Amino acid sequence: ANLRGWDQFEAEAGSVTERRLVLRSIGTIIRKFNRMLATECEIFLTTLLKSLEGEMAPWLRSYTLEVLRSIVLDKELLLFLYETYDAHQGSATVYHDVVLSLARIVQAGMAPQPDSGVDDILGAVSVLFRSKAKGVEMVPDPDDGAGHIAYSVFLSLEAMLGAAHSV
């Protein structure tokens, strides 16, 4: 199968809602059909991770991280990723790469960002965790770049905590 590059997806994709739907669909395919489509899942995950390395709109980064969080919070899927890829010498290190990518996002997000509009990333992330504890998941508007920086750090931290809990 020939998967289009992320840049082409960026250029062709429609609205924010459509892009989020596509990302969520990819997440669903990975979660539900990983055993039947192991190679395709590796390609999807690798593509998602590589997309996070480049420049992208803050809302698109957040929505990509929502997909990764949903994958990392699934203990059985994490075990599958490790057993299928990372446990075999010379094979792809998908599990490792996902966790490393999340850690990099947290590290970059916690660094001082004077032009971002977020004075206190840690404070904003704390608010997101407190609201989630109360059963309210806050998602910034697509045009709230500063909010999406904090949301990206929140999603990455939550996913890393989930991965650590799964071990």
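Contact is taken here to mean heavy atoms within 4.5 Å. The structure is a predicted model.

1. Beyond its neighbours within four places in sequence, L68 is in contact with L45, L48, L49 and L52. Both L68 and L45 are listed with I30, L65, I71, V72 and L81 as the residues with the most contacts inside the largest nonpolar core, a set of 39 residues.

2. At least two residues of this core come from each of α2 (16-33), α3 (38-53), α4 (58-72), α5 (75-86), α6 (94-110), α7 (121-133) and α8 (145-166). In soluble globular proteins, nonpolar side chains tend to be buried together.

3. When residues up to four places away in sequence are set aside, F80 touches N34, R35 and A38. The C-alpha atoms of F80 and Y95 are 9.2 Å apart in space, with a separation of 15 residues in sequence.

4. The axes of α6 and α8 come within 9 Å and cross at roughly 140 degrees. The pair is therefore classed as oblique, since only angles over 145 degrees would count as roughly antiparallel. The crossing of α6 and α8 is left-handed.

5. By class, the contact of α6 with α8 comprises 12 nonpolar and three polar residues, with no charged residues.

Definitions and conventions
Residues are numbered from 1 along each chain as its sequence is written. This is a predicted model: local features need pLDDT of at least 70, side-chain atom pairs count only at pLDDT 80 or more; totals for chains, interfaces and linings use all residues. Side-chain values use heavy atoms; hydrogens and water are left out. A nonpolar core is a set of buried Ala, Val, Leu, Ile, Met, Phe, Trp, Tyr and Cys residues joined through side-chain atoms within 4.5 Å. Buried means under 20% relative accessible area, exposed over 50%, partly exposed in between (1.4 Å probe, protein chains only). Helices (H or I, at least four residues) and strands (E, at least two) are DSSP runs, numbered from the N terminus. Axes are lines fitted to C-alpha atoms, for helices over the stretch in contact, and angles run from 0 to 180 degrees between N-to-C directions. Angles under 35 degrees count as roughly parallel, over 145 as roughly antiparallel, 65 to 115 as roughly perpendicular and the rest as oblique. A crossing is left-handed if the near helix is turned anticlockwise from the far one by less than a right angle, and right-handed if clockwise. Ala, Val, Leu, Ile, Met, Phe, Trp, Tyr, Cys and Pro count as nonpolar, Asp, Glu, Lys and Arg as charged, and the others, Gly among them, as polar.
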